Amino acid sequence: ISGLESQTDYELYARRKCDDGTYGPWSEFVLSFATQCAPIVVGFDSPYFDGFENFTVDENILGCYQQVVYGHGASMYYASSGAYTDDGTLTITSYEGELFANLPFDNDTWLFRPFELKADKNYEVSVMGRQDCDYGMTLNLAYCTEPNLATVVDTMASDLLMRDWKEYKGWINVPADGIYYIGVNISTWGFSVEQNNSAIDN
């Protein structure tokens, strides 16, 4: 099917074309689907920025993002205005603005978004990250040809999270023009202490 708008919900019906050129009735069955977001085109004068301010508190970071969960955890990044321990102690607030993306303990989740990139350009990618404890969680930045780790082209950054907000960044120089998925990951798998939260922003 051609001519569809990106990030749009559709319903698909079918009917039969008869030998005499007439048409039968439309099917009662409805196939519902949604088209994906158009890849983001970035340039020197048109950088991409997301501080997760368009989400609501406790909403999973989806929309034009795709989340892929590895390991045995099943949690996604969700929009948060503050991360708390079980006893109600506030441990993380946003780097800037009101919201950030929070990932609770014992998960290994990637957050991907598609971009249209050119082979003759260098792209800088950065994200702010932190955790609320002293455990050795790592933030990873990578880009792939599909939103999964089996298609990783290169890992741009991989470093330990700190208790305070820190910038993690790297460079992309793609081998050919095309659509690539930039992904950020924090692995909290295996960390199950009650105060263990991690976050990304900007």
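Me: Contact means heavy atoms within 4.5 Å. Which residues does Phe 33 touch, not counting residues up to four places away in sequence?

Reply: This is a predicted model, in which local features need pLDDT of at least 70 and side-chain atom pairs count only at pLDDT 80 or more, while totals for chains, interfaces and linings use all residues. Residues are numbered from 1 along each chain as its sequence is written, and side-chain values use heavy atoms, with hydrogens and water left out. Phe 33 is found in strand 2 (residues 31-34), a strand being a DSSP run of E of at least two residues and a helix a run of H or I of at least four, numbered from the N terminus. With neighbours up to four places away set aside, Phe 33 touches Leu 4, Thr 8, Asp 9, Tyr 10 and Leu 12.

Me: How is Phe 33 classed by relative accessibility, and what distance separates its C-alpha atom from that of Glu 11?

Reply: Buried means under 20% relative accessible area, exposed over 50%, and partly exposed in between (1.4 Å probe, protein chains only). Phe 33 has 29% relative accessibility and therefore counts as partly exposed. Along the chain, Phe 33 and Glu 11 are 22 residues apart, and their C-alpha atoms are separated by 6.5 Å.

Me: How many helices and strands does the chain have?

Reply: The C-alpha trace of the chain spans about 75 × 45 × 30 Å along its principal axes. Among contacts between residues at least 6 apart in sequence, 70% join residues at least 24 apart. The secondary structure comes to zero helices and 15 strands.

Me: What percentage of the accessible surface belongs to carbon and sulfur atoms?

Reply: Accessible areas come from the Shrake-Rupley method with a 1.4 Å probe, and for residues only the protein chains shown count as cover. Of the 202 residues of the chain, 39% count as buried. The accessible surface comes to about 11500 Å², and the share of carbon and sulfur atoms is 50%.

Me: Where does Leu 99 lie, and how far is its C-alpha from that of Ile 61?

Reply: Leu 99 is in the loop between strand 7 (90-92) and strand 8, and is buried because its relative accessible area is 7%. Beyond four places in sequence, its contacts include Phe 52, Phe 55 and Ala 79; the contacts of Ile 61, counted likewise, include Phe 52, Phe 55 and Ala 79. Leu 99 and Ile 61 are 38 residues apart in sequence, and C-alpha to C-alpha they are apart by 11 Å.

Me: What is the phi of Phe 52?

Reply: Most residues other than glycine have a negative phi. Phe 52 is found in the loop between strand 3 (40-41) and strand 4 (66-70), and is buried, with a relative accessible area of 5%. Although Phe 52 is not a glycine, its phi is positive, at about 65°.

Me: Is Arg 113 buried or exposed?

Reply: Arg 113 lies in strand 9, with its C-alpha 4.9 Å from that of Tyr 65, 48 residues away in sequence. Among its contacts beyond four places in sequence are Tyr 48, Asp 50 and Tyr 180. Its relative accessible area is 14%, so Arg 113 is buried.

Me: Which residues are closest to the centre of the largest pocket?

Reply: Strand 9 (108-117), strand 10 (123-131) and strand 14 (178-187) each give two or more residues to the lining. The lining divides into 19 nonpolar, five polar and four charged residues, where Ala, Val, Leu, Ile, Met, Phe, Trp, Tyr, Cys and Pro count as nonpolar, Asp, Glu, Lys and Arg as charged, and the others, Gly among them, as polar. Of the 28 lining residues, the closest to the centre are Tyr 48, Phe 115, Glu 124, Val 125 and Ser 126.

Conventions. 1 Å grid on protein atoms, 1.4 Å probe; cavity = no way out; pocket = protein on both sides within 12 Å on 5 of 7 lines; lining within 4 Å.
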